[in-house]
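This report describes a protein model, taking its sheets, a pocket and a few single residues in turn. Please keep the sequence and the structure at hand while reading.

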Amino acid sequence: MRGQTERNNNMASTTMPRRIVLINTTNPALLHHQFQPSFFASFVHFLKRPQSRPFILFIFLVFAWISYRIHRASRFPPTILPEWSTDSDMRANLVRFSSFTPSQIAKDSRGWLLDPVFLALSSSIPGGAVTCASLHVGEIRPGRLRGNHRHHDCNETFVIWGAATKFRLENIEVADHGYAEVTIGKDEIAVATSPSHKAHALVNIDPIRSTFFIGCQDSIISYNASSSDFNVWKDL
């Protein structure tokens, strides 16, 4: 009986069909990568084509601009302006305004506009020109100065803008120095006055930008030795 059972089991095992399972161990992403060209190879192939020249020029210009900005930032550190107060401005016969809107001189998006004589008078700045018998418009490049002289025959009113600029005015009421000195920011517009017999100087301390100014005098300036004193301050 036992032998018959074992024979039946052996026959069943030989007659049952066997299942064959195939396991796919291939990574589809890897297979796709093998048949597709790499990005680097495609990019190199693109660079060899004539159509890539505008792209190469653009990349070159971007790197040149970045290099220039880094070089300029290292060569010209930002100008640090000293703190100012209304009292220091008044000792220098100066009033300043922001060039951004809205401000007293910039009413809208077109920019700023002012009457220097009226603005000086309305701001209670003494000693300026009441009328403009002569007028000067000029530029002061970085590191240079204008003025450093004293007129005995006219009062002057200035408009100063465009760059970090030092304005110095002779003032015997200022202890130790005998002058008042303030710094105008690059985004500010200043109106200043210089009465007759008072020396003044404008110094551009900005590393990049030019200072621009308008000088209004209430009489025709004579630059002869008797009516003007030159090189008043030796430290400028």
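Is S4 largely enclosed by the rest of the structure or left open, and how many of its six residues are buried? Five of the six residues of S4 are buried, so S4 is largely enclosed by the rest of the structure. Buried means under 20% relative accessible area, exposed means over 50%, and partly exposed lies in between, with a 1.4 Å probe and protein chains only.

## Basis of the model

This is a predicted model, in which local features need pLDDT of at least 70 and side-chain atom pairs count only at pLDDT 80 or more, while totals for chains, interfaces and linings use all residues. Residues are numbered from 1 along each chain as its sequence is written, and side-chain values use heavy atoms, with hydrogens and water left out.

## The chain as a whole

The protein chain contains six helices and ten strands. Helices (H or I, at least four residues) and strands (E, at least two) are DSSP runs, numbered from the N terminus. Of the 236 residues in the chain, 32% count as buried. Among contacts between residues at least 6 apart in sequence, 81% join residues at least 24 apart; contact means heavy atoms within 4.5 Å.

## The sheet that holds S4

S4 belongs to an open sheet of five strands, with the order S1-S7-S4-S9-S2 and antiparallel pairing. Two strands pair if DSSP finds at least two bridges between them. The edge strands are S1 (94–98) and S2, each of which pairs on one side only. From one strand to the next, the twist averages 15°. Such angles run from 0 to 180 degrees between N-to-C directions, and the axes are lines fitted to C-alpha atoms, for helices over the stretch in contact.

S4 and S7 run antiparallel and are joined by five bridges, with glutamate 156 opposite serine 194 in S7. S4 also pairs with S9 in the antiparallel sense, over six bridges. There, threonine 157 has cysteine 216 of S9 as its bridge partner. S7 (residues 188–194) pairs with S1 as well, antiparallel and over five bridges; valine 95 stands opposite valine 191 in S7.

## The sheet from S6 to S10

Another open sheet of five strands has the order S6-S5-S8-S3-S10, again with antiparallel pairing. S6 (179–184) and S10 (228–230) stand at the edges with a single partner strand each, so one side of each is left without a neighbour in the sheet. Neighbouring strands of this sheet are turned by 20° against each other on average, direction ignored.

S5 (residues 165–170) is joined to S6 by six bridges, and the two run antiparallel. Leucine 169 stands opposite alanine 180 in S6. Threonine 183 also has its place in S6 and counts as buried, at 11% relative accessibility. Its C-alpha atom is separated by 9.7 Å from that of leucine 202, which is 19 residues away along the chain.

## The second largest pocket

The second largest pocket has a volume of about 260 Å³. On a 1 Å grid over the protein atoms alone, a pocket is an open set of points where a 1.4 Å probe fits, with protein on both sides within 12 Å along at least five of seven lines; lining residues have an atom within 4 Å of a point. Grid points are joined across faces, edges and corners, and a volume is the space filled by probe spheres set on the points.

Which residues lie nearest the centre of this pocket? They are His136, Arg146, His149, Phe213 and Tyr223, out of 17 lining residues. S2 (134–140), S3 (145–151), S4 (156–161), S8 (199–204) and S9 (211–217) each supply at least two residues of the lining. The lining divides into six nonpolar, eight polar and three charged residues. Ala, Val, Leu, Ile, Met, Phe, Trp, Tyr, Cys and Pro count as nonpolar, Asp, Glu, Lys and Arg as charged, and the others, Gly among them, as polar.

## Single residues

Most residues other than glycine have a negative phi. Aspartate 176, not a glycine, has a positive phi of about 75°. Aspartate 176 lies in the loop between S5 and S6 and is exposed, with a relative accessible area of 82%. Asparagine 231 likewise has a positive phi, of about 50°, although it is not a glycine. Asparagine 231 is placed in the segment after S10 and is exposed, at 52%.

Phenylalanine 46 is found in helix H3 (residues 39–47). Phenylalanine 46 is partly exposed, with a relative accessible area of 30%. Leaving out residues up to four places away in sequence, phenylalanine 46 touches Gln51, Ser52 and Phe55.
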